[in-house]
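This report goes through a structure element by element, with attention to confidence, packing and aromatic contacts. Please keep the sequence and the coordinates at hand while reading.

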Amino acid sequence: MSETPKRPDPASPPATPLWVKIVVIIFIALVLVVIILHLMGFGFGNHGASSFTSYAWLMECAADHI
Amino acid sequence: MILGPGIRKLVRTAHVTCTVGWLGAVAGFLALAVVGVSSQSAQMVSAAYLSMEVITRYVIVPLSLVPLLLTGPLLSLGTPWGLFRHYWIVVKLLINILSTLILLVHVQPIRHLSHAAASGTLSVADHSLQIQMVVASGAGLLALLACTGLAVYKPRGMTPYGWRRQYEEPQ
């Protein structure tokens, strides 16, 4: 009457869920937008004549918290 | 290494506090960035950019690094959830890494705006940078909201690695 439930095959993992595929597509789209904006001149960093680099600023922040 | 129940609760409390605090701080940053770009009052603009640097330095940077480098890995690796076994954890990790990188890329521009505001040298040339602050913090807020949703709903889906590991481990 009742069949023994089949144990899933460890060698064949389930397919990637739909929500993961959607997240990957959104991520790729966002990366492309950022690259296009960057190429159009909306760059990062190098603004102004600040003598502090991001790294130096971070080190300063870290020193504040230690 | 599996964490005991007491330590697990402590680490989870610290993790939730930091991540939700990070989200709130970014929301505050976004509000200041909008005021900075839209206000007609020079005093208000100066106050906004000076506050943004303080919030970034003392709140956002620490609150972003603690969950990414400490409580997140501890909770994942110290519990049966693992770090690479479930898609929602991998996606959340990637969002956190990207958000932190984008934050670190913006620390110098934030400092520049703060100095310009303090010295009264904020000019039209800084306008694109001011808009960039609004866009970046808005995107960051959305990313952190997505992370919060993932942590609460925990959508199903096991990675091939997680699938293999569940059969390798002794029952």
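## Burial and chain A

A residue is called buried when its relative accessible area is under 20%, exposed when that area is over 50%, and partly exposed in between, with a 1.4 Å probe and protein chains only. By that criterion, 17% of the 66 residues of chain A count as buried. Chain A has 2 helices and 0 strands, and its accessible surface comes to about 5,400 Å², of which carbon and sulfur atoms account for 71%.

## Confidence

The model is predicted, and its scores are ipTM 0.73 and pTM 0.80. For chain B the mean pLDDT is 92, with 99% of the residues scoring at least 70. Within chain B, the element with the highest mean pLDDT is α1(B), at 95, while α5(B) has the lowest, at 87.

## Nonpolar cores

The largest nonpolar core contains 23 residues, and those with the most contacts inside it are W22(B), V26(B), F29(B), Y49(B), M52(B), I60(B) and M133(B). At least two residues of this core come from each of α1, α2 (42–77), α3 (87–119) and α4 of chain B, and the largest share, 8 residues, is supplied by α1(B). Another core, of 10 residues, lies apart from it and includes Y87(B), W88(B), C147(B) and L150(B).

One member of the largest core, V26(B), touches I60(B), S137(B), G140(B), L141(B) and L144(B), when residues up to four places away in sequence are not counted.

## L23(B) in helix α1

L23(B) belongs to helix α1 of chain B, which spans residues 5–38. Because its relative accessible area is 17%, which falls under the 20% limit, L23(B) is classed as buried.

The C-alpha atom of L23(B) is separated by 9.8 Å from that of C147(B), although the two residues are 124 residues apart along the chain. C147(B) is itself among the residues of the 10-residue core.

T159(B) is placed in the loop of chain B between α4 (127–153) and α5 (160–168). Its relative accessibility is 7%, so T159(B) counts as buried. A polar atom of the T159(B) side chain lies 3.0 Å from the backbone nitrogen of G162(B).

With its neighbours within four places in sequence left aside, T159(B) is in contact with F84(B), R85(B), H86(B), Y87(B) and V90(B).

## Aromatic pairs

How many aromatic pairs are there over all chains? The count is 2. In one of them, the rings of W81(B) and W88(B) have centres 5.5 Å apart and planes at 80°, so the pair is edge-to-face. W81(B) is partly exposed, with a relative accessible area of 36%, whereas W88(B), at 8% relative accessibility, counts as buried.

W163(B) and Y167(B) also form an edge-to-face aromatic pair, with 5.5 Å from centre to centre and 70° between the planes. Both residues lie in helix α5 of chain B, 4 residues apart, which is about one turn of the helix. W163(B) is buried, its relative accessible area being 12%, and the helix that holds the pair, α5(B), is the element of chain B with the lowest mean pLDDT, 87.

Methods: Residues numbered from 1 in each chain as written. Chains lettered and ligands numbered in written order. Heavy atoms only, no water. Polar contact = N/O pair within 3.5 Å; in protein donor to acceptor, adjacent residues only side chain to side chain. Contact = heavy atoms within 4.5 Å. pLDDT = per-residue confidence, 0-100. Core = buried A, V, L, I, M, F, W, Y, C linked by side-chain atoms within 4.5 Å. Phe/Tyr/Trp six-rings, centres within 6.5 Å; stacked < 30°, edge-to-face > 60°. Areas by Shrake-Rupley, 256 points an atom, 1.4 Å probe, with all protein chains shown as cover.
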